[in-house]
Amino acid sequence: MEIIKGAWSSLTGFWNWFLAQITAPSWDNYFYWLIGISVLVYTLEILNPWRKNQPRIRKDFFLDAFYMFFNYFFFYMIGFAAIAFAGEQLTLEISRKIGLGDLWFVHLNNLPIWAQLLIYFIIIDFTHYLVHRMLHKIPWLWSFHKVHHSVKEMGFAAHLRYHWMENVVYKSFSYFPLAIIGGFNLEFVFIVHIIQTTIGHLNHANIDINYGPLKYIFNNPAMHIWHHSKELPEGKSGVNFGISLSIWDYIFKTSHIPHTGRDIDLGFEQVDSYPKTFLGQLLEPFKNK
Ligand SMILES: [Zn+2]
Ligand SMILES: [Zn+2]
């Protein structure tokens with residue numbers, strides 16, 4: 001009874017919070033940032049498309065738009081809070097057990113704000129690069145990550161087509177590096193989240209854009225499309241794993257752009273028989289095969 005009461009009050013609490021969020025635009029309101037970034041990148045797609053013949057409302061546009069809000073908003077707020085708390089407790093517990101206690105390896109407090117933010121961003125992005133490689137290498141993780149690779153026609157919203165389990169995997173692993181840096185500002189989490197969303201939207205966008213020499217630092221559409229290529233180099237489980245930064249792929253020799261990827265075939269083997277609906281894709285990894 002107590003559990004039901006608790007669940008109900010957290011649900012109504014969430015609902016009230018949700019209403020307050022969407023009725024009160026502000027600079028620290030992620031809902032409006034997500035809409036703003038999406039409108040901006042979609043406008044660039046319309047003004048300067050890479051694949052000129054791709055419809056503006058491409059295949060699965062609405063499916064991906066739904067994923068976008070489900071993954072980055074609803075799930076983030078409902079499920080993430082609990083998982084985040086549990087993950088944090090676990091990391092603290094482990095670090096105490098192995099004798100680290102509250103001794104942080106890196107103290108950020110004394111550095112200028114921009115340097116703190118940069119270090120935080122680089123550590124998080126490197127962790128995500130490693131997790132992404134695992135998602136391709138380990139079969140049960142790949143079965144979840146397949147949802148993201150089922151995109152057949154690329155556009156900005158494809159960025160957020162992924163199974164919610166990826167949220168759990170990425171967030172859980174992010175705690176370990178964060179456990180070794182002390183004193184970082186909680187606002188960084190929000191700022192970096194906005195930067196990641198913008199870069200991620202651009203990576204998947206149908207925009208004819210060249211980053212020049214910056215392509216060796218930032219992930220970009222010309223590079224990320226090869227990550228979604230149906231055909232991979234012999235013996236590789238994937239290429240171009242970088243999330244916001246491409247630099248890791250160049251350092252660890254996982255980069256691959258043999259020629260322009262504008263019109264390459266996307267997906268994986270048997271992608272044509274993969275479920276096409278939100279619910280079907282959500283359940284697919286849990287099926288016994
Ligand atoms: Zn991938
Ligand atoms: Zn992608």
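Reader: Is Thr 127 buried or exposed?
Author: This is a predicted model, where local features need pLDDT of at least 70, side-chain atom pairs count only at pLDDT 80 or more, and totals for chains, interfaces and linings use all residues. Residues are numbered from 1 along each chain as written, ligands are numbered from 1 in written order, and side-chain values use heavy atoms, leaving out hydrogens and water. Buried means under 20% relative accessible area, exposed over 50%, and partly exposed in between, with a 1.4 Å probe and protein chains only. At 10% relative accessibility, Thr 127 therefore counts as buried.

Reader: Okay, and which residue's backbone oxygen lies 2.7 Å from a polar atom of the Thr 127 side chain?
Author: Thr 127 sits in helix α4, residues 113–137; helices here are DSSP runs (H or I, at least four residues). The backbone oxygen at 2.7 Å from its side chain belongs to Ile 123.

Reader: Which residues coordinate the zinc ion (ligand 2)?
Author: Donors are N, O and S atoms within 2.8 Å of the metal (3.2 Å for Na, K and Ca), and water is not among the atoms, so sites may look incomplete. Along the chain, the donors follow the spacing H-x55-H-x19-H-x3-H. At 2.1 Å, through NE2, they are His 148, His 204, His 224 and His 228.

Reader: Where are His 204 and His 228, and are they buried or exposed?
Author: His 204 is in helix α7 (residues 186–204), and His 228 is in the loop between α8 (221–227) and α9 (247–251). They sit 24 residues apart, linking distant parts of the chain. Both His 204 and His 228 are buried.

Reader: How far apart are the two zinc ions, ligand 2 and ligand 1?
Author: Ligand 2 is the zinc held by the four histidines named above. Its distance to the zinc ion (ligand 1) is 6.0 Å.

How values were computed. Helix = DSSP H or I, 4+ residues; strand = E, 2+ residues; numbered from the N terminus. Polar contact = N/O pair within 3.5 Å; in protein donor to acceptor, adjacent residues only side chain to side chain.
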